[in-house]
Amino acid sequence: MLNKITKGFWKKTSRIILRNRIIILLILLGITVFLAMQWKNMRFTFTEANLLPDHHPINLEYNKFLDTFGEEGNLIIIAVKDSNLFTPKNFNAWNKLSKQLQAKPEVDLVVSTDNLQKLVKNNEEQRFELESLVKNKVKTQSEVDSIKDEIFLKLPFYQSLLYNKKTYTIRSAIYIDKEIVNTNVRKDFVLNDFEPLIEDFEANTGLDVRVSGMPYIRTLNSQSIIDEISMFIGAALGVTSLIFFFFFRSFRATFISMIVVIIGVMWAFGILGLLHYEITVLTALIPPLIIVIGIPNCIFLINKYQQEVQKHGNQAKSLQRVISNVGNATLMTNVTTAAGFATFIITESKLLKEFGIVASLNIFAIFVLSLLIIPIIYSFMPLPKTKHLKHLNTRWINTFVSWMENSVRNHRIAVFIVSLIALIGSIIGIYQIRISGSLIEDMPQSAAFFDDIRFFEKEFDGILPVEIMVDTKRKNGVMKLSTLRRMDELEELIREIPELSDPISVTNLVKYSKQAYYNGNPNYFQLPNNQENTFILSYAKKSSGQADLLKSFVDSTGQVARITTFMQDIGTDKMEGIETDLWKKINKVLPQDRYDVTLTGKALVFMKGTKYLVKNLIMSLALAIFLISLFMAYMFRSFKMIIVSLIPNILPLIITAGMMGFLGIPIKPSTILVFSVAFGISVDDTIHFLAKYRQELTKNHWHIRKSVYNALRETGVSMFYTSIVLFFGFSVFMLSSFGGTKALGGLVSFTLLVAMLANLILLPALLLALERNIANKKVMIKPNVDILPKNGKESK
């Protein structure tokens, strides 16, 4: 009953499409114009991706920290490691640069040698005061040398914060206005104001300025994404059109396919704008992805049209059969591909959820576009010439199909042995895979800002902030000497961890107060004893300047303090060990009954997010396999057929995972995406083959061997064409400067190539080897869904 309904639906659909060609084209034009108008709503992301859901405890802790101490991601750092900086001309130019930056409305504060404040004691008023280190423009080398000696020898408070004592590297901190740090204004400031000032300074002094900080990195990272979108679209169109033309040898067929996918790209951007989603490193992949996935639809439809023209030369009948015969098969394969992407929606990561929604919607959109546009355009054109049909009998393609048939017919044992060896080897490789991730390892490593990140890591022991928030559970509890000593003890333990930088906290300011009390003698940069503390506190209470400094380290009630350290980019696997080590030290020094301690910061939030996302993506892959298994069960009504159909699709995933283990490619958000994407696409070939196999069974009176070989010859060419297009189409992503995108492209391409061979060689071999076990006429003759109509009952 369902088969009759399905056949009737597609016959009716084909008539509606061909009889209402002009109306349909006008509707498509209207939708395209409407979606093009939504492009104005497209926004590029201005923050790094938060991989955790908003309600996750780690996010709640991080947001609590931000509420207490403010945005930590609004700092840009510039640094120079060159002794030539300390000449009157260059030193004045460095101070002038700070003034120019401070004058910008987007900048809240610049901390540099130009406005460096010393804490000094005022004996008359018995208080501390802040005094500028550089009062006027320096004129002589001796003045510069004096300032240099004071910074590096007498101001330990600023060590690691503004200078490296060992290498004489000096840096300035530029704090961006928190209101604009996650907006388009930040981008304009960095590209149009900040960078030109840095370039002018470098040109005037000959010094190399290193730049880092999240606002700067985010801006250049976003710009790289923008630059790569057009490159991907151009490369995907170029590669797929060349391969398409190579196979079909027809400018007309190539042109029609390009129209379909270009409109698909326009719709993809329009849907992004309509949903008001940000363009991230993932959603930026969708337009070229639509090109790569859309071309196989065009191949199946155009190939079928040309086959029908070659058979009987009747254009109307050929077009009707294209829609009614291939429409259902193309719909089923697009459903499975969309399912692979749609499973990302179940993750609670906003980044992946949006990617899954837009990708699955656009896969259905490109199916509709190809099904409507290709038959309609061909209906206005003359029949293909004989030269356009020559590719259907290309000798080298026939040689390839004959090789596959020979492998299945005469070398099945060898096929099974090779598959088994690959499986065993891959399982060994899987045990060597590690889960890792980093905020910067997937960033463009050829970019100048990536080198600068490594520079700051080396000079200042890290760039990724780790924050320890200490709640003393009482008002003004932070300034109690016992608390300060415990915090100082913890900071000493943190210094023992080589991957972390020297910590910065209120203890540094208290030590600096003691140094100021003893007239700036750096030997007294230490916590005061009980007696000294009484005198120093009396001075501190009268000091407004010190209160301003205190705001960065202690909340307004004096109850909560922060300890800031910076972590090197070491990957999430090592981060986990450091987190465990930190908690041991924290629990040892700050007992839980007296202090509430929170460990947070960008580095730890990203680590937790990576592990959370990997867990969710494994679940989404399992769901994709389950959903597609249900689909196969509904289609074939046989548990044995489900197993047979899944083997050639799961084996390539296992082989890819094993290869990742041997090559040292870690499991991380960018690489685990590969499995769901590749599985959803590769299973299309299985559906096409098994649908044709079932059709051949009924046609050949249940002769299994003949049916397998006929199905292989019939579908082998189209499956080969589409697999090659997908292989080279996904290979385009390897041009990316982003490590994650590059890995995604390479691994998906490899997986789909293995999946093609598995579906064209291993699947037929399994059907022949297990023919007695899976032979069930009732199941195979009366399926729930007839993807390919019987030859004798096609639309006329």
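Start by selecting strand β12, a mostly covered strand in which 4 of the 5 residues are buried. Buried means under 20% relative accessible area, exposed means over 50%, and partly exposed lies in between, using a 1.4 Å probe and protein chains only. Strands are DSSP runs of E with at least two residues, helices are runs of H or I with at least four, and both are numbered from the N terminus.

Before you move on, a word about the model. It is a predicted one, in which local features need pLDDT of at least 70 and side-chain atom pairs count only at pLDDT 80 or more, while totals for chains, interfaces and linings use all residues. Residues are numbered from 1 along each chain as its sequence is written, and side-chain values use heavy atoms, with hydrogens and water left out.

**Zoom out to the whole chain**

The chain holds 26 helices and 12 strands. Of its 796 residues, 59% count as buried.

**Stop 1: the sheet**

Strands pair here if DSSP finds at least two bridges between them.

Now look at the pairs. β10 (residues 464-471) meets β11 over 8 bridges in the antiparallel sense; click Val470 and you will find its bridge partner Ala561 in β11. β10 and β12 also run antiparallel, joined by 5 bridges, and here Glu467 stands opposite Thr600 of β12. As you look along a strand, remember that side chains in a regular strand alternate between the two faces of the sheet.

**Stop 2: a pair of helices**

Select helix α7 (residues 214-248) and helix α9 (residues 286-312), whose axes come within 9 Å and cross at roughly 20°. Axes are lines fitted to C-alpha atoms, for helices over the stretch in contact, and angles run from 0 to 180 degrees between N-to-C directions. The two helices are therefore roughly parallel, a label for angles under 35 degrees; over 145 is roughly antiparallel, 65 to 115 roughly perpendicular and the rest oblique.

Show the side chains in contact, that is, with heavy atoms within 4.5 Å. Among them are Phe232, Ile233 and Phe244 of α7 and Pro287, Ile291 and Cys298 of α9. The contact residues divide into 13 nonpolar, 3 polar and no charged. Nonpolar covers Ala, Val, Leu, Ile, Met, Phe, Trp, Tyr, Cys and Pro; charged covers Asp, Glu, Lys and Arg; the others, Gly among them, are polar.

**Stop 3: another pair**

Residues making the contact include Arg412 and Phe416 of α13 and Ile761 and Leu766 of α24.

**Last stop: one residue**

Finish at Thr507, in helix α16 (residues 506-517). Is Thr507 buried or exposed? Thr507 is buried, because its relative accessible area is 0%. Leaving aside neighbours within four places in sequence, Thr507 is in contact with Leu484, Met487, Asp488, Glu491 and Leu527.
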